[in-house]
Amino acid sequence: MAGADAAGLRLDGAVEDFLRRRGVPAPRVWIGLATGAVTLALVLLGDQDPEHEGTSTQEQVLALLTREDPAGLAPGTDGMPEDEYEPEAQAIAELLDTGVAPTAAQLDELWEHWFSEPLSPLLGARRMDSPLEELAALVPEHPGV
């Protein structure tokens with residue numbers, strides 16, 4: 001870590017010297033502005049997930065539940081609505097909006113409310129891990145914002 005700090009200081013000094021030699025007034029101000037612009041760009045780019053851009057948390061949860069189809073309903077086929085898991089997706093999205101990733105026990109309780117049986121046994125322990133990870137990734141960084 002100390003090596004990175006020393007390298008950063010050397011680079012900072014080299015950039016300042018370069019700007020001074022080019023006659024740039026107040027090079028430290030320009031370095032600060034450039035750093036701020038780069039930081040802002042990285043933050044804005046980091047908040048965008050191109051795969052889910054413009055997709056709400058609830059829609060992403062619905063897609064996950066439809067893909068996993070734990071109740072074996074085959075949404076979108078044989079007259080079954082494509083959004084068959086909409087109420088469950090909404091409840092899970094509300095849980096995610098609190099800023100905490102749901103646990104298997106919370107999902108079991110929620111699922112039991114709707115289907116009179118817990119989710120874990122339907123998916124099995126191995127299949128349960130993937131949705132839990134995906135749901136954890138959907139937790140907003142700044143809940144309520």
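Leaving aside residues up to four places away in sequence, which residues does glutamate 117 touch? Trp111, Glu112 and Leu122. Overview first.

This is a predicted model. The protein chain has 145 residues, and 23% of them are buried. The secondary structure is 6 helices and 0 strands. From the N terminus on, the elements read α-α-α-α-α-α. Now the contacts with a separation of 6 or more. Of these, 52% join residues 24 or more positions apart.

Next, the core. The largest nonpolar core holds 18 residues. Six have the most contacts inside it: Val61, Leu65, Ile92, Leu96, Leu107 and Leu135. Where do the core residues come from? Four helices each supply at least two: H3, at 57–68, H4, at 86–96, H5, at 104–115, and H6, at 119–137. H6 gives the largest share, with 5 residues.

Take isoleucine 92 as a way in. Set aside its neighbours within four places in sequence. Isoleucine 92 is then in contact with Val61, Leu65, Leu107, Leu110 and Leu135. Keep Val61 and Leu135 in mind. Both names return when we go through the helix pairs.

Pair one is H3 and H4. Their axes come within 8 Å and cross at roughly 125 degrees. That angle makes H3 and H4 oblique to each other. The crossing is right-handed. Who makes the contact? On the H3 side, Thr57, Gln58, Val61, Leu62 and Leu65. On the H4 side, Glu86, Glu88, Ala89, Gln90, Ile92, Ala93 and Leu96. By class, that gives 7 nonpolar, 3 polar and 2 charged residues. Note that Val61, Leu65, Ile92 and Leu96 from this contact are also among the residues with the most contacts inside the core.

Pair two is H5 and H6. Here the axes come within 10 Å, and the crossing angle is roughly 120 degrees. H5 and H6 are therefore oblique to each other. H5 passes H6 in a right-handed crossing. From H5, the contact uses Ala104, Leu107, Asp108 and Trp111. From H6, the list is Leu119, Ser120, Pro121, Leu122, Met128, Leu132 and Leu135. The classes here are 9 nonpolar, 1 polar and 1 charged. Trp111 and Leu122 sit in this contact, and glutamate 117 touches both of them.

At what angle do H3 and H6 pack? About 160 degrees, with their axes 11 Å apart. An angle over 145 degrees counts as roughly antiparallel, so H3 and H6 are roughly antiparallel to each other. H3 passes H6 in a right-handed crossing. H3 brings Val61, Leu64, Arg67 and Glu68. H6 brings Leu123, Arg127, Pro131, Glu134 and Leu135. Look at the make-up: 5 nonpolar, no polar and 4 charged. Val61 and Leu135 are both in this contact, and isoleucine 92 is in contact with both.

Now the loops, starting with the one between H5 and H6. Glutamate 117 lies in that loop. Is glutamate 117 buried, partly exposed or exposed? Its relative accessibility is 36%, so glutamate 117 counts as partly exposed. Alanine 71 is 46 residues from glutamate 117 in sequence, yet the two C-alpha atoms are 9.7 Å apart in space.

Serine 116 is in the loop between H5 and H6 as well. Its relative accessible area is 65%, so serine 116 is exposed. Its backbone deserves a look. Most residues other than glycine have a negative phi. Serine 116 is not a glycine, but its phi is positive, at about 60 degrees.

Aspartate 78 is another such case. It also has a positive phi, about 50 degrees, without being a glycine. Where is aspartate 78? In the loop between H3 and H4. With a relative accessible area of 83%, aspartate 78 is exposed.

To recap. The chain has 6 helices and 0 strands. H3 and H4 are oblique, H5 and H6 are oblique, and H3 and H6 are roughly antiparallel. Two residues other than glycine carry a positive phi: aspartate 78 and serine 116.

Methods
Residues are numbered from 1 along each chain as its sequence is written. This is a predicted model: local features need pLDDT of at least 70, side-chain atom pairs count only at pLDDT 80 or more; totals for chains, interfaces and linings use all residues. Side-chain values use heavy atoms; hydrogens and water are left out. A nonpolar core is a set of buried Ala, Val, Leu, Ile, Met, Phe, Trp, Tyr and Cys residues joined through side-chain atoms within 4.5 Å. Buried means under 20% relative accessible area, exposed over 50%, partly exposed in between (1.4 Å probe, protein chains only). Contact means heavy atoms within 4.5 Å. Axes are lines fitted to C-alpha atoms, for helices over the stretch in contact, and angles run from 0 to 180 degrees between N-to-C directions. Angles under 35 degrees count as roughly parallel, over 145 as roughly antiparallel, 65 to 115 as roughly perpendicular and the rest as oblique. A crossing is left-handed if the near helix is turned anticlockwise from the far one by less than a right angle, and right-handed if clockwise. Ala, Val, Leu, Ile, Met, Phe, Trp, Tyr, Cys and Pro count as nonpolar, Asp, Glu, Lys and Arg as charged, and the others, Gly among them, as polar.
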